[in-house]
Amino acid sequence: MKLSGVIVLFHPNLEALYRNILSVVDQLDHLFLYKNSTVDEVKILKFFDIQVQEKISFLGDGVNLGIAGALNITAKLSISENYTHLLTLDQDSYFRNDHLKRYKELIKTSLKPDIGIFCCNIANRGALVFSEDQSSLLVPDSITSGTIFPIQTFLDAGYFDETLFIDAVDYEYCYRVKAMLGLNTLVFTNVILEHEVGYPEKIYGGFTTDNYSPLRTYYIVRNHIIIWRKYPKFFQKSYKKVLLEGHILKRFIKVIIGEKDKIKKLKSILLGLIHGLLNKTGKYEG
């Protein structure tokens, strides 16, 4: 296995980014840091010794291409430089000790012939998504962070859908790989990635809200509707419930009750709903 990795940067918290890099860099052949915003390269690199610095390259010019655009550039570069697999990571996620090493060994020894995507178990504020009772499971989809893609999957199924820009890019790709190639997504439940979802905040009435920005709110609603309609057989029932109840109905109420930027967020929910039903894609300039 020749493994490259990519962390997509967007106004990163440097302390979290350092922890992320240190959790993976020893197990990677090379790490790409894609700049979807302006970052201080010198400030990032000076934290690491020369051996680590030599394994890191920066890509991008600070212009936000979205998660799909950044990942596609890195995937194509990984192909041209003869890597066999690509690990994708969010800037604030990190593997537990030696878990990436375990992850690689499990992929190398996996005997399942029909796998197009490998993923790990997510610990969201201490709660695991999957029980560790079974060492591996076939799942409908995975999030971007912590997922390892065989390069052959990109060659056979194409790249991430840049018209979605951000949000649900990962789900769409898993569904496409399944629909086009008949290949599955496999999770190793004892490989743990620490990854926090949203920005939870207590608000009036004892409610908790994920407190996504107006822009993220728009993409979450729009893109989940689009991929639900595009892949009705694969889009999970639980996701439909979370979308309709959590991201639209209850979020609408929570924004009114206790969130800031009420008008912008309410507009984002409504526009995301309308544009999703109209299948309107591309970058939202709102």
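Which helix holds Asn72? Asn72 is found in helix H4, where helices (H or I, at least four residues) and strands (E, at least two) are DSSP runs numbered from the N terminus. This is a predicted model, in which local features need pLDDT of at least 70, side-chain atom pairs count only at pLDDT 80 or more, and totals for chains, interfaces and linings use all residues. Residues are numbered from 1 along each chain as its sequence is written, and side-chain values use heavy atoms, with hydrogens and water left out.

- Helix H4 covers residues 66–80, has 15 residues and reaches 22 Å from its first C-alpha to its last. This is close to the 21 Å expected at 1.5 Å a residue, the expected span being 1.5 Å times one less than the number of residues.
- At 3% relative accessibility, Asn72 counts as buried; buried means under 20% relative accessible area, exposed over 50%, and partly exposed in between (1.4 Å probe, protein chains only).
- Leaving out residues up to four places away in sequence, Asn72 touches Tyr159, Phe160 and Glu162; contact means heavy atoms within 4.5 Å.
- The buried residues of H4 include Gly66, Ile67, Ala68, Leu71 and Asn72.
- The buried residues of H4 pack against strands S1 (3–9), S2, S3 (56–59) and S4 (85–89), and against helices H6 (151–157) and H7.

- H7 has 13 residues and spans 18 Å from its first C-alpha to its last, close to the 18 Å expected at 1.5 Å a residue.
- Among the buried residues of H7 are Val169, Asp170, Tyr173, Cys174 and Arg176.
- Helix H7 (residues 169–181) and helix H8 (residues 214–230) pack at an angle of about 10°, with their axes 10 Å apart. Axes are lines fitted to C-alpha atoms, for helices over the stretch in contact, and angles run from 0 to 180 degrees between N-to-C directions.
- That angle makes H7 roughly parallel to H8 (under 35 degrees counts as roughly parallel, over 145 as roughly antiparallel, 65 to 115 as roughly perpendicular and the rest as oblique).
- Tyr171, Glu172 and Tyr175 of H7 make the contact with His224, Ile227 and Lys230 of H8.
- By class, this contact has 3 nonpolar, 1 polar and 2 charged residues; Ala, Val, Leu, Ile, Met, Phe, Trp, Tyr, Cys and Pro count as nonpolar, Asp, Glu, Lys and Arg as charged, and the others, Gly among them, as polar.

**Helix H1 and the loop at Asp29**

- Asn13 caps the N-terminal end of H1, with a side-chain oxygen 3.1 Å from the backbone nitrogen of Glu15.
- Asp29 sits in the loop between helix H1 (14–24) and strand S2 (30–35), and is partly exposed, with a relative accessible area of 40%.
- A polar atom of the Asp29 side chain lies 2.7 Å from the backbone nitrogen of Leu3.
- Not counting residues up to four places away in sequence, Asp29 touches Met1, Lys2, Leu3, Lys55 and Tyr83.

**Arg251 in helix H9**

- Arg251 lies in helix H9 (residues 237–258) and counts as buried at 5% relative accessibility.
- The side chains of Arg251 and Glu259 make a polar contact (2.9 Å). A polar contact is a pair of N or O atoms within 3.5 Å; within protein, one must be able to donate a hydrogen and the other to accept it, and residues adjacent in sequence count only if both atoms are side-chain atoms.
- Beyond its neighbours within four places in sequence, Arg251 is in contact with residues including Thr209, Asn211, Tyr212 and Lys265.
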